[in-house]
Amino acid sequence: MTRETWGTRIGFILAAVGSAVGLGNIWRFPWVAAEQGGSAFLVVYLLVVLAVGVPGLLGEFVIGRRSNRNPVGALRSLSGSKNWGRIGFFSVVASVALLSFYSVVGGWILRYFVESGAALLGGGAPYFSNPGEYFGAAAFGLDAVFFHVLFLALTAGIVLAGVRRGIEVGTTVMMPAVFVLLVALAVWASTRAGAAGGYEFFLRFDAATVRENFFQVLGPAAGQALFTLSLGAGTMITYASYLGEDRSLPADATTIAVLNTAVGVLAGLVVFPLLFSLGIDPASTGTGEGALFVGLAGAFSQLPGGIVIATAFFAVVTLAALSSSISMLEIPVSYLVDEHGMQRRNAVGLLSALVAVTGSVCALRPSVFGFVAGTLVDILLTAGLAVFLVFVGWVMGRDALGEFRAGSGTFARALADPWRVAVGVVIPLFLVFTLLTTFGVDARVGFWPTVALAAVVAAATILGARASRRLPRAN
């Protein structure tokens with residue numbers, strides 16, 4: 001079976017950006033930023049994107065392009081070890097878990113978009129009168145299951161068409177539309193009286209606040225950065241596996257990170273000025289998964305022509321959600337196609353049925369949804385990226401440097417050795433420390449003991465990776 005490839009470089013970049021630019025930027029980013037203090041969170045988040053996100057993207061790209069396989073086949077073939085193949089299977093499990101909650105949120109977005117569009121034809125949007133009560137009734141239950149399945153069906157239809165005719169064509173249309181609509185909404189929000197308060201909350205740099213809250217927001221900022229960049233679940237390994245050798249991986253990774261971050265900031269430039277212009281404190285909208293719907297629905301209801309603005313906004317979010325969900329489904333699909341020779345249509349059908357069930361559990365049980373969408377996502381992505389980077393630094397070794405340099409310019413090639421040190425030692429140590437802070441270890445034992453424990457765990461992981469190179473090789 002001939003393996004598909006991307007048709008164009010811009011197609012790959014837009015697909016990768018589409019994977020990154022999704023609900024993490026527009027749905028999750030504003031409410032996490034509001035929970036973590038606005039500008040203080042933004043500063044830490046941008047630092048994590050620069051210092052961890054870009055090198056991490058390159059790490060996954062190197063694995064994918066070198067192997068031309070899904071995460072399971074990639075780790076097994078590059079190491080020659082079946083054990084690494086088993087570790088790679090973690091990506092398949094993680095992607096199913098991610099899509100299980102993601103398609104539920106996608107269903108919420110789809111419902112709001114459909115009802116906003118219907119309201120344009122006559123009548124008012126049903127969520128205008130009491131946004132909090134409406135979202136509470138719509139978020140979980142049989143209606144949520146219906147829209148989750150509908151959103152999943154749209155996702156499956158795109159993935160079923162394949163890499164070039166489905167994913168590449170879809171994201172090439174969707175991503176420019178997302179950028180244009182977001183810019184238009186941000187410009188419009190800037191004209192609202194009182195928008196300055198939103199800009200101050202979101203953009204004002206306060207060094208004292210950052211210092212005082214740095215470690216408090218580090219875990220959420222790292223989780224958000226990895227989630228929005230689609231790192232840690234093998235998405236970028238899978239997408240890079242369809243690449244040719246003539247692409248500069250450093251240039252592509254930087255472009256993707258910049259575009260992804262721009263969308264997150266644009267979303268903030270829409271949400272916060274709009275809320276502040278109407279005298280709505282982001283904290284008063286309720287934090288958590290409903291903040292976007294409750295806060296913005298209340299804001300739209302107070303605006304002249306609010307239903308038109310609401311329809312445009314939820315159209316943006318629907319497109320962004322689909323561009324990410326297709327990447328999540330593509331990971332297990334590529335696994336079944338590559339490793340088990342399954343036809344794409346059968347793989348898509350089987351996995352869609354599985355996620356329809358697991359997602360329905362999330363749609364019916366708020367406690368399960370909250371755990372998967374919050375704690376589980378942060379843990380899975382942080383641990384997954386740490387494992388991938390240790391693999392790049394200590395199992396692939398010099399092969400990783402060769403793949404990094406292939407197709408790169410003079411300046412990028414000069415960064416290869418520092419990059420390997422970063423992905424092999426520095427970033428895994430940081431990610432382990434972040435995991436420990438997520439579990440509250442620093443609050444119990446203190447900062448420096450947590451750093452020491454992180455160093456021990458990271459060292460043990462690195463030693464295990466080095467030892468795996470001496471194990472008998474798989475066929």
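**Close-up views of a predicted model**

**View 1. Ser230 sits in the loop between α10 (207-228) and α11 (235-240).** Helices here are DSSP runs of H or I with at least four residues, numbered from the N terminus. The phi of Ser230 is positive, near 60 degrees, in a residue other than glycine. Ser230 has a relative accessible area of 10%, so this residue is buried (under 20% is buried, over 50% exposed and in between partly exposed, with a 1.4 Å probe and protein chains only). This is a predicted model in which local features need pLDDT of at least 70 and side-chain atom pairs count only at pLDDT 80 or more, while totals for chains, interfaces and linings use all residues. Residues are numbered from 1 along each chain as its sequence is written, and side-chain values use heavy atoms, leaving out hydrogens and water.

**View 2. Asn68 lies in the loop between α3 (39-67) and α4 (71-79).** Although Asn68 is not a glycine, its phi is positive, at about 55 degrees. Asn68 counts as partly exposed because its relative accessibility is 32%.

**View 3. Val114 belongs to helix α5 (residues 82-120).** With 42% relative accessibility, Val114 counts as partly exposed. Look for Thr311 too: Val114 and Thr311 are 197 residues apart in sequence, and 8.3 Å apart in space from C-alpha to C-alpha.

**View 4. Helix α19 has a kink of about 40 degrees, centred on Ala422.** The bend at a residue is the angle between axes fitted to the seven residues ending there and the seven starting there. The 23 residues of α19 (residues 416-438) should span 33 Å at 1.5 Å a residue, and the end C-alpha atoms are 31 Å apart, which agrees. That expected span is 1.5 Å times one less than the number of residues. Just after α19 comes Gly440, with a positive phi of about 80 degrees.

Technical notes. Helices (H or I, at least four residues) and strands (E, at least two) are DSSP runs, numbered from the N terminus.
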